[in-house]
Amino acid sequence: MHEMALVRNIMEVVVDEAEAAGAAEVTAVHIVVGEARDIVVDLFEGLFQFLARGTVAEHARVIIHTVPYRVRCHGCGEEFNLDFKDRLSQTCPRCGADRDYRLISGNELSISKIEAIPQPRSA
């Protein structure tokens with residue numbers, strides 16, 4: 001259950017950023033997650049809601065944007081998506097090289113956007 005550590009770190013960042021911005025409430029958190037992170041989305045969202053209790057992000061929606069494995073062939077430079085469940089996708093579609101590539105995306109984990117309601121200004 002590596003999701004707990006990931007969500008805990010994200011929550012810390014969200015709360016710190018919201019407090020620094022003077023937000024009254026965080027309404028949504030957009031998270032970019034690479035396929036290589038192998039997270040269970042429902043578990044991730046549930047842990048976020050659990051850890052957000054009593055914070056400025058208590059009612060925030062978690063919006064996860066998944067980034068597929070993408071590689072660059074060492075032989076010809078072709079970039080293509082990789083699906084480890086499909087043996088054919090592991091072969092370069094341009095030159096036919098088999099498993100001779102470098103990962104260029106799919107390992108991401110970042111907060112891309114925090115939506116929040118600002119504190120009301122006092123007169």
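Tutor: We start with the salt bridges and then move on to other parts of the chain.

This is a predicted model, in which local features need pLDDT of at least 70, side-chain atom pairs count only at pLDDT 80 or more, and totals for chains, interfaces and linings use all residues. Residues are numbered from 1 along each chain as its sequence is written, and side-chain values use heavy atoms, with hydrogens and water left out.

Begin with the idea. Side chains of opposite charge can pair when their charged atoms come close. Here a salt bridge is a side-chain nitrogen of Lys or Arg within 4 Å of a carboxyl oxygen of Asp or Glu. By this rule the structure has 3 salt bridges.

Take arginine 94 and glutamate 78. Their closest N and O atoms are 2.8 Å apart, and they form a salt bridge. Arginine 94 sits in the loop between S4 and S5, and glutamate 78 sits in the loop between strand S3 (69-73) and S4, so this pair ties together parts that are 16 residues apart in sequence. Helices (H or I, at least four residues) and strands (E, at least two) are DSSP runs, numbered from the N terminus. Arginine 94 has a relative accessible area of 55%, so it counts as exposed. The cut-offs are these: buried is under 20% relative accessible area, exposed is over 50%, and partly exposed is in between (1.4 Å probe, protein chains only).

Now turn to glutamate 79. Arginine 72 forms a salt bridge with glutamate 79, with the closest N and O atoms 2.4 Å apart. Arginine 70 also meets glutamate 79 in a salt bridge, at 3.9 Å from N to O. Shared partners join Arg70, Arg72 and Glu79 into one network. How covered are these residues? Arginine 70 has a relative accessible area of 29%, so it is partly exposed. Arginine 72 is partly exposed, at 29% relative accessibility. Glutamate 79 is partly exposed too, with a relative accessible area of 32%.

Next, the cysteines. A disulfide is a covalent bond between the sulfur atoms of two cysteines. The rule used here asks for a pair of cysteine sulfur atoms within 2.5 Å. The structure holds 0 disulfides. Cysteine 76 is in no disulfide, and its nearest cysteine sulfur, that of cysteine 92, is 3.6 Å away. Cysteine 92 is likewise in no disulfide. Their cover can be read from the accessibility. Cysteine 76 is partly exposed, at 27% relative accessibility. Cysteine 92 is buried, at 4%.

Now look at the backbone. Most residues other than glycine have a negative phi, and most peptide bonds are trans. Arginine 99 is not a glycine, yet its phi is positive, at about 55°. Arginine 99 lies in the loop between strand S4 (79-82) and S5. With a relative accessible area of 49%, arginine 99 is partly exposed. Aspartate 38 also has a positive phi, near 50°, and is a residue other than glycine. Its place is the loop between strand S1 (23-34) and helix H2 (41-52). Aspartate 38 counts as exposed, because its relative accessibility is 60%.

Valine 56 is in the loop between H2 and strand S2 (61-67). Valine 56 is buried, with a relative accessible area of 18%. Valine 56 and alanine 116 are 60 residues apart in sequence and 9.2 Å apart in space, C-alpha to C-alpha. Glutamine 49 belongs to helix H2. Glutamine 49 is partly exposed, at 32% relative accessible area. Glutamine 49 and arginine 61 are 12 residues apart in sequence, and their C-alpha atoms are 8.5 Å apart. Asparagine 107 lies in the loop between strand S5 (101-105) and strand S6 (109-118). Asparagine 107 is partly exposed, with a relative accessible area of 44%. Asparagine 107 and isoleucine 31 are 76 residues apart in sequence and 13 Å apart in space, C-alpha to C-alpha.

To close, return to the salt bridges. Arginine 94 pairs with glutamate 78, while Arg70, Arg72 and Glu79 form one network.
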